[in-house]
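Open your viewer and get ready to click through the model one selection at a time. Each stop says what to pick and what you'll find there.

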Amino acid sequence: CRLPKSNLNDLSISIVELESLAKSVGNIVVGSKLFNLKEINPATFIGYGKVMLLREIKIDNNLDRIIFDGELAPNQQRNLAETIGCEVIDRTELILELFFLHAKTYEAKVQVELARLEYLLPRLRGRWQHLERQFGKSQIRGGPGEKQIELDRRSIENRILKLKERLSRIERRRITQRKRREEIFKIAIVGYTNAGKSTLFNLLTKSSTKIEDKLFTTLDPTTKRIRLPSGKFVVISDTVGFIRRLPHKLVESFKSTLEVVVFADFIIHLIDISNPAAFNEKEIVIDTLKELGICGTTILEVYNKIDKLENHPQNEEDGSVFISAREKIGIKDLIYRIDKSIL
């Protein structure tokens, strides 16, 4: 949806990215629709006329799901789903789904479950509307759906408390592990999702972290100790990819994971130079680093995937580094730059 102050180019990039996110969770995308809005409607986000148009599109295309690129309030999501007649989710819920699919380790599963439950809690009423319809509209307060909502709410609140306790224990373990590594130089690879971080990490550390041409295949920080040509030892961490409008609940849940970036001595900011939205993605990563409170840490900008360009940019002594992690181009220059940066 385009509001008066929205940038059309940014919106186009965001919609293309939303389609990639949708496909990554197994959806078949049949199309997209851009609405121009003067303001956000508090009840339906887009206004009644546009809701009815979406209802027609849903019927004509036999849609099971409609995804909004914006963030819907619980009542907006509920009203839209009821009027259109199919599942309606927003960008936040889609990203949470994707993280849930890719959570493999105990820590990642705890983090994602916590974020999903905190997102679900204020939306319980809409999830139980099918029960109210099944039993008929009743004026009696506390019908079957309402009673079930209260039971679910208490259950979810208790589960959230348990998950937060588990994350606290995980964080305490991380503090202990971090103290053991205080004397060794710490490097974190950050970047927009699908920039090639895991490929570079595998190359630098001779590891075999899972690599796929999909969004968010890495949710857990993988850390390896390596020896540089000068003989110095460092630890390198591969991290979760960033994305525009990363849900705040996910940032909070993944706080312990992102600590490898916060406490790094040196950050490699990997940028997919072959992507037309590279500059935009670069700015999003920089803004996210600022949100994490990172300032004063040396950040080296490394432009990846130069093998996809017709002309390869040349490295400069004091500037950015240009590489292809897949084709192993420019890696020696990168290692030299890292080695030189360590006191």
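Two strands count as paired here if DSSP finds at least two bridges between them. Helices (H or I, at least four residues) and strands (E, at least two) are DSSP runs, numbered from the N terminus.

Some housekeeping: this is a predicted model, so local features need pLDDT of at least 70 and side-chain atom pairs count only at pLDDT 80 or more, while totals for chains, interfaces and linings use all residues. Residues are numbered from 1 along each chain as its sequence is written, and side-chain values use heavy atoms, with hydrogens and water left out.

**Stop 1: strand S3.** Select 185-191, which is S3. Buried means under 20% relative accessible area, exposed over 50%, partly exposed in between (1.4 Å probe, protein chains only). By that cut-off 7 of the 7 residues of S3 are buried, so the rest of the structure largely encloses this strand. Phe185, Ile187, Ile189 and Gly191 point one way, Lys186, Ala188 and Val190 the other.

Stop 2: In S6, isoleucine 187 has phenylalanine 266 as its bridge partner, and alanine 188 stands opposite isoleucine 267.

**Stop 3: the whole sheet.** Zoom out to an open sheet of 6 strands, in the order S4-S5-S3-S6-S7-S8 with mixed pairing. Which strands stand at the edges? They are S4 (222-227) and S8 (321-322), each with a single partner strand, so one side of each has no neighbour in the sheet.

**Stop 4: helices on the sheet.** Show H9 (residues 197-205), which packs on the sheet and touches S3, S4, S5 and S6; its direction makes about 155 degrees with that of S5. Contact means heavy atoms within 4.5 Å; axes are lines fitted to C-alpha atoms, for helices over the stretch in contact, with angles from 0 to 180 degrees between N-to-C directions. Then try H12, which touches S3, S6 and S7 (298-304).

**Stop 5: the cores.** A nonpolar core is a set of buried Ala, Val, Leu, Ile, Met, Phe, Trp, Tyr and Cys residues joined through side-chain atoms within 4.5 Å. The largest has 28 residues, of which Leu94, Val190, Val261 and Leu289 touch the most other members. H4 gives the most to this core, with 4 residues. A second, separate core of 22 residues includes Phe185, Ile187, Ile226 and Leu334.
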